[in-house]
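Trainee: Could we go through this model together, one question at a time?
Mentor: Gladly; let us have it on screen.

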Amino acid sequence: MSEQKNAGHRVWRVWVDTRRKVVSFHEAPGFQKLEFYSYDLFQRCIDSYTAQRYRYQ
């Protein structure tokens with residue numbers, strides 16, 4: 001979804017490196033970007049990474 005079409009809506013982003021099991025809340029080279037348009041879905045994803053013992057940076 002483009003930034004213009006999404007104007008006024010909140011987007012939550014994380015960058016994930018599944019090989020090293022790291023989640024970043026800032027853009028990181030080599031990490032896959034995930035975008036969430038629902039806070040509930042974002043929180044469930046973060047909870048899932050925590051349960052899998054991912055590190056955060």
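Trainee: Which strands are included in what covers the buried residues of α1?
Mentor: A word on the source before that: this is a predicted model, with local features needing pLDDT of at least 70, side-chain atom pairs counting only at pLDDT 80 or more, and totals for chains, interfaces and linings using all residues. Residues are numbered from 1 along each chain as its sequence is written, and side-chain values use heavy atoms, with hydrogens and water left out. Helices (H or I, at least four residues) and strands (E, at least two) are DSSP runs numbered from the N terminus, buried means under 20% relative accessible area and exposed over 50%, with partly exposed in between (1.4 Å probe, protein chains only), and contact means heavy atoms within 4.5 Å. The cover over the buried residues of α1 includes β1 (12-17), β2 (22-24), β3 (32-36) and β4 (55-56).

Trainee: Within what arc do the buried residues of α1 fall?
Mentor: The buried residues of this helix are Phe42, Cys45, Ile46 and Tyr49. Taking directions from the helix axis to the C-beta atoms, they line one face of α1, because they fall within an arc of 100°.

Trainee: Which exposed residues does the face of α1 turned away from its buried side carry?
Mentor: Look at the face turned away from the buried side of the helix. The exposed residues there are Arg44 and Ala51.

Trainee: Is aspartate 17 buried or exposed?
Mentor: Aspartate 17 sits in strand β1. Leaving aside neighbours within four places in sequence, aspartate 17 contacts Val22, Phe31 and Tyr54. At a relative accessible area of 9%, aspartate 17 is buried.

Trainee: Which residues is isoleucine 46 in contact with, leaving aside its neighbours within four places in sequence?
Mentor: Isoleucine 46 is one of the buried residues of α1. Its contacts beyond those neighbours are Val14, Phe25 and Tyr56.
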